[in-house]
Amino acid sequence: MGLTLAEKLIKAHLVSGDMTPGSEIGLKIDQTLTQDATGTMAYLEFEAMGVPRVKTERSVAYIDHNTLQTGFENADDHRYIQSVCKKHGLYFSRPGNGICHQVHLERFGIPGKTLIGSDSHTPTGGGIGMLAFGAGGLDVAVAMGGGTYYISMPQIVRIHLTGKLQPWVAAKDVILEVLRRLSVKGGVGKIMEYTGEGVKTLSVPERATITNMGAELGASTSLFPSDEVTREFMKAQGREKDWAPFEADADAVYAQTVEIDLSSLRPLAACPHSPDNVKAVEELGSIPVDQCCIGSCTNSSLMDMLKVAAILKGKTVHPNVSLSIAPGSKQVYNMLAENGALADLIAAGARILECACGPCIGMGQSPNSGGVSLRTFNRNFEGRSGTADGQVYLVSPETAAASALTGVFTDPRTLGEPPVITLPDTFLINDNMIIPPADEKDMDQVEILRGPNIKPFPKTAPLPDSIEAKALLKVGDNITTDHIMPAGAKILPLRSNIPAISEHCFVRCDPDFPARCKKEGKGIIIGGSNYGQGSSREHAALAPLYLGIKAVIVKSFARIHVANLINAGILPLTFRNEADYDRISEGDVLSLPDIRRRIAEGDDVVLKNETTGEEFALNSGFTKRQIDMLLAGGLLDYTRNQHQN
């Protein structure tokens with residue numbers, strides 16, 4: 001029996017465990033990346049480990065999230081990250097050089113290598129055949145120190161592509177179709193592997209759009225084969241020597257197969273407020289549009305930008321629409337300027353933003369009250385845009401550009417003949433915004449520069465013998481990390497200051513939550529299914545840790561968030577009977593008796609509702625390593641203990 005591509009790459013990097021779905025495996029990590037919203041904490045954690053220099057083949061720190069500098073905080077964080085990179089052996093991508101996933105695809109990604117990044121859209125690297133995972137910052141710090149990355153062995157799902165995309169239908173429509181069919185929970189515990197003749201019709205930027213938004217399925221990662229299309233892309237980037245072919249065996253066996261005929265797809269849109277609330281553009285009708293935003297790590301490639309420029313050339317954006325465009329990298333920006341496409345965008349009335357995440361992470365361009373915003377981004381969670389009642393739709397660049405011209409939701413197929421865009425034989429190569437580290441012999445001379453906003457990692461403690469605390473919050477299904485720890489221009493600058501950022505924890509669900517936690521001193525959170533979906537931000541675990549949360553008990557967890565909770569030393573548990581969720585009210589006093597022994601020995605976990613007198617059975621299902629981490633008080637304490645022993 002043959003192997004899938006994912007199984008081949010996992011097998012080549014397997015440090016521990018076996019490839020039985022659901023069992024824990026440890027992987028050797030070749031590359032890491034961070035971005036600045038998560039990076040400061042990751043590097044504080046790396047420093048705390050006492051490892052003098054990164055041990056990966058390549059680690060890169062990108063500045064792309066917190067580029068709106070309305071105070072000293074972001075600039076101080078950037079200065080700190082740059083000094084850490086210089087001292088400890090990382091490459092530093094300066095502000096303005098571009099979005100981490102776009103730049104990494106262009107300049108650093110290598111087929112067949114493993115990559116973890118402190119950003120949930122790190123699976124973008126699967127577009128060139130990398131085994132790339134989003135992870136919490138602490139996991140990335142451990143990997144930089146030469147440690148193993150642990151996940152549960154996923155099931156491998158084949159997305160079998162046939163046919164070819166029709167004119168005006170885009171790669172964005174492919175992944176929206178997958179989301180329409182499978183939902184935001186459909187990829188949990190799975191790797192999505194793309195196969196079939198249709199794969200050959202998709203360019204690397206198109207493949208990367210699809211793997212990028214695989215994160216919205218809850219998938220562990222997504223993968224395309226490394227083939228001749230990949231080789232041509234890497235050759236054009238001056239990196240053909242890094243290319244190698246990788247594909248699944250012809251007789252590979254998959255847990256599930258999803259068949260998609262590319263020629264049958266039509267332009268789609270994810271409607272408010274979830275990436276899987278997908279409808280055909282033509283079915284939505286002529287909804288008036290207030291704003292269009294084109295960019296993000298999903299759709300900011302040169303190909304995307306050239307398509308938009310061709311659509312807008314010689315025309316003018318509708319007077320009722322604000323159109324903003326953010327190229328994904330300096331390379332893309334330079335090439336747009338050189339070939340005249342940038343002039344076409346400007347002439348049409350587009351507002352050109354810097355090469356950064358910008359509006360996608362809530363850094364500017366919030367729509368007007370109740371405004372309809374068409375975005376080529378990957379998430380449209382309620383309030384994520386910065387406007388609480390903003391109506392955000394996720395669409396392709398073609399749909400966004402067409403709608404920007406007409407002022408209403410517009411199917412791009414109504415525009416006539418589409419522009420024909422091909423990738424260049426050679427990309428413009430200029431890495432002058434990437435700063436290499438100091439030589440190892442000079443690293444001791446480098447001073448780490450810390451600003452006053454940078455605070456230490458929150459205090460942790462070993463798991464107590466028993467836990468008794470109130471249910472300080474009860475929330476429903478599909479709670480995102482944006483609900484738990486919001487982003488945006490006001491909050492993101494506090495990412496290196498856990499005491500300050502904790503004041504914003506869960507305020508979108510309950511403005512009184514932080515104050516209630518401080519009053520009680522400790523607490524438990526009750527949640528529904530798919531708790532913690534979305535971003536990899538470990539702050540969604542660190543802020544509750546600081547506020548005294550001892551356990552989170554839900555129907556089910558999203559993959560990265562449950563790992564972050566364990567890393568932080570917060571006990572994540574699930575209801576054995578989901579109906580028991582309804583038998584707990586906010587404010588009830590709950591207890592987990594004899595919890596340390598039960599976790600240590602793998603016994604059944606019991607939750608007592610001291611207020612009502614009821615008892616419930618809970619699932620734990622931790623691996624031996626996770627048990628040791630929880631007993632120690634989290635990954636940092638566990639790692640320190642390992643080094644001491």
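How do the residues of the lining of the largest pocket divide into nonpolar, polar and charged? The lining comprises 17 nonpolar, 15 polar and five charged residues, where Ala, Val, Leu, Ile, Met, Phe, Trp, Tyr, Cys and Pro count as nonpolar, Asp, Glu, Lys and Arg as charged, and the others, Gly among them, as polar. The model is predicted, so local features need pLDDT of at least 70 and side-chain atom pairs count only at pLDDT 80 or more, while totals for chains, interfaces and linings use all residues. Residues are numbered from 1 along each chain as its sequence is written, and side-chain values use heavy atoms, with hydrogens and water left out.

The largest pocket holds about 940 Å³ of space. A pocket is here an open set of points on a 1 Å grid over the protein atoms alone, where a 1.4 Å probe fits and protein lies on both sides within 12 Å along at least five of seven lines; lining residues have an atom within 4 Å of a point. Grid points are joined across faces, edges and corners, and the volume is the space filled by probe spheres set on the points. Of the 37 lining residues, Ser 152, Phe 557, Arg 559, Val 562 and Gln 626 lie nearest the centre of the pocket. Two or more residues each are given to this lining by strand 8 (149–152), helix 18 (559–568), strand 24 (571–575) and helix 20 (624–632); helices (H or I, at least four residues) and strands (E, at least two) are DSSP runs numbered from the N terminus. Helix 18 supplies the largest share, seven residues.

Gly 22 touches Ser 152 and Met 153, residues up to four places away in sequence not being counted; contact means heavy atoms within 4.5 Å. Gly 22 and Ser 152 are 130 residues apart in sequence and 5.2 Å apart in space, C-alpha to C-alpha. Gly 22 counts as exposed because its relative accessibility is 56% (buried means under 20% relative accessible area, exposed over 50%, partly exposed in between, with a 1.4 Å probe and protein chains only).

The second largest pocket has about 640 Å³ of space. Its lining has 20 residues, and Lys 164, Thr 201, Glu 206, Lys 307 and Ile 421 lie nearest its centre. By class, 12 are nonpolar, four polar and four charged.

The largest nonpolar core has 103 residues, with the most contacts inside it made by Phe 506, Phe 513, Tyr 531, Leu 571 and Leu 592. Such a core is a set of buried Ala, Val, Leu, Ile, Met, Phe, Trp, Tyr and Cys residues joined through side-chain atoms within 4.5 Å. Helix 5 (residues 137–144) contributes the largest share of this core, six residues. Another core, of 55 residues, lies apart from it and includes Tyr 62, Cys 271, Leu 312 and Leu 323.

Helix 13 (residues 397–406) is mostly covered, with nine of its 10 residues buried. Among the elements covering these buried residues are helix 10 (302–312) and strand 16 (322–325). Gly 407, with a positive phi near 85°, follows helix 13.

Six strands form an open sheet of mixed pairing in the order 7-6-3-4-5-20; two strands pair if DSSP finds at least two bridges between them. Strand 7 (131–134) and strand 20 (434–435) are the edge strands, each pairing on one side only. Strand 3 (residues 31–35) and strand 4 (residues 58–62) run parallel and are joined by five bridges.
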